[in-house]
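Me: I would like to learn how to read the features of a structure one at a time, with the general idea before the particular case. Could we work through one together?

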Amino acid sequence: MGERVLEADCGSCAGLCCVAPAFAKSSDFAIDKPAGRPCPNLEQGSSRCTIHERLDERGFHGCVVFDCFGAGQRITQEIFGGRGRRDEPDMLAVLPVVRQLHELMWLLAEALKLDEARKLHARLQTALDETDRLAGQEAPELKRLELDTYRRKLNPLLQQASRLARGGTPRKDHGGANLIGRRMRGADLRGASLRGALLIGADLRDADLRRADFTGADLRGADLRGADLTGALFLTAAQLRAAVV
Ligand code: SF4
């Protein structure tokens, strides 16, 4: 695979993430919106958000923390060759599929940066190439893909890379833990597994999170001020936007 950009380029997308998902009025979205209907803040005839600079202020925090990992522009430009319309059901239907595949690609690319996981690099690269190939398929194939099965197949490899990077003996395993609102100020969480942990509103101020694994952790409102995130693993820009830093 060449150098694929795994971050959103909204200017090259048809605004798919502003049409495809349903919004439920909540702290994340100021309005209810059914799936497939364009958000009223989307400029007609373009993919420009008319409130882009004021999303938080206008109650659209859910948009601030969304990341398509570059799936939107790939669907628009490559899979539909720049010809698709954003209300085309197939374009909307493949967004969650390609997004998940691109997220997996981002995780694999991050794992490939880990020196400690060098012995896995060949397998990681093969998995990355295969995931890229799957993400570039036509809409009918994408819709048929068994994503959960594919994700389960790759997870052990990513977990192995994480264990190697964390020294083989993780200090604490909080994988999948419910830590909502938990007070962990100043906690020693070096090399901890926080994979899939719910850390919504957790107090992690001044915590030592060096080499902690954040794969899929929900950091909405988590207070990370003063925390040491040096060498943190699989921590996305969107997770950081969701937290207080
Ligand atoms: S508020 Fe803006 S970014 Fe969010 S869905 Fe609507 S148009 Fe898109």
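Reply: Let us begin with the word contact, which here means that heavy atoms lie within 4.5 Å. Please keep in mind throughout that this is a predicted model.

Me: With that cut-off in hand, which residues is Ser-193 in contact with, leaving aside its neighbours within four places in sequence?

Reply: Ser-193, which is found in the loop between helix H6 (147-165) and helix H7 (237-242), is in contact with Arg-166, Lys-172, Asp-173, His-174, Gly-175 and Asp-213 once neighbours within four places in sequence are set aside.

Me: Is Ser-193 buried or exposed?

Reply: A residue is called buried when its relative accessible area is under 20%, and Ser-193 therefore counts as buried, since its relative accessibility is 6%.

Me: How should I read two helices that pack together, taking H3 and H4 as the case: at what angle do their axes cross?

Reply: Two packed helices are described by the angle between their axes and by the distance between those axes. For helix H3 (residues 89-112) and helix H4 (residues 121-135), the axes come within 9 Å and cross at roughly 160 degrees. An angle over 145 degrees counts as roughly antiparallel, and H3 and H4 are therefore roughly antiparallel to each other. The crossing in which H3 passes H4 is left-handed. On the H3 side the contact is made by Val-98, Leu-101, His-102, Leu-104, Met-105, Leu-108, Ala-111 and Leu-112, while H4 contributes His-121, Leu-124, Gln-125, Ala-127, Leu-128, Thr-131, Asp-132, Leu-134 and Ala-135. Sorted by class, the residues of this contact comprise twelve nonpolar, four polar and one charged.

Me: How do H2 and H3 pack, and what is the handedness of their crossing?

Reply: Helix H2 (residues 71-79) and H3 pack at an angle of about 120 degrees, with their axes 8 Å apart, and that makes H2 oblique to H3. The crossing of H2 and H3 is right-handed. From H2, the residues Ala-71, Gly-72, Arg-74, Ile-75, Thr-76 and Ile-79 meet Met-91, Val-94, Leu-95, Val-98, Arg-99, His-102 and Met-105 of H3. By class, the contact of H2 with H3 has eight nonpolar, three polar and two charged residues.

Me: Where is Phe-29 placed, and what lies around it?

Reply: Phe-29 has its place in the segment before helix H1 (61-64), and with 17% relative accessibility it counts as buried. Leaving aside neighbours within four places in sequence, Phe-29 is in contact with Phe-23, Ala-24, Gly-59, Phe-60, Gly-62 and Cys-63. Phe-29 and Cys-63 are 34 residues apart along the chain, with their C-alpha atoms separated by 8.1 Å.

Me: Turning to the cysteines, how many disulfides does the count come to?

Reply: A disulfide requires a pair of cysteine sulfur atoms within 2.5 Å, and by this rule the count comes to zero disulfides. For Cys-10, the closest cysteine sulfur is that of Cys-17 at 6.2 Å, which is too far for a bond. Cys-68 is likewise in no disulfide, the nearest cysteine sulfur being that of Cys-13, 6.3 Å away. As to accessibility, Cys-10 is exposed, with a relative accessible area of 52%, whereas Cys-68 is buried, with a relative accessible area of 9%.

Me: Finally, what should I make of the backbone angle phi, and what is its value in Asp-206?

Reply: Most residues other than glycine have a negative phi. In Asp-206, however, phi is near 60 degrees, a positive value in a residue other than glycine, and in Phe-234 phi is near 55 degrees, again a positive value in a residue other than glycine. Asp-206 has its place in the loop between H6 and H7, and Phe-234 is also placed in the loop between H6 and H7. Asp-206 is partly exposed, with a relative accessible area of 41%, while Phe-234 counts as buried at 3% relative accessibility.

How values were computed
Residues numbered from 1 in each chain as written. Predicted model: local features only at pLDDT ≥ 70, side-chain atom pairs only at ≥ 80, totals over all residues. Heavy atoms only, no water. Axes fitted to C-alpha atoms, helices over the stretch in contact; angles between N-to-C directions. Helix = DSSP H or I, 4+ residues; strand = E, 2+ residues; numbered from the N terminus. Parallel < 35°, antiparallel > 145°, perpendicular 65-115°, else oblique. Left-handed = near helix turned anticlockwise from the far one by under 90°. Nonpolar A, V, L, I, M, F, W, Y, C, P; charged D, E, K, R; others polar. Buried < 20%, exposed > 50% of the residue type's maximum accessible area, 1.4 Å probe, protein only.
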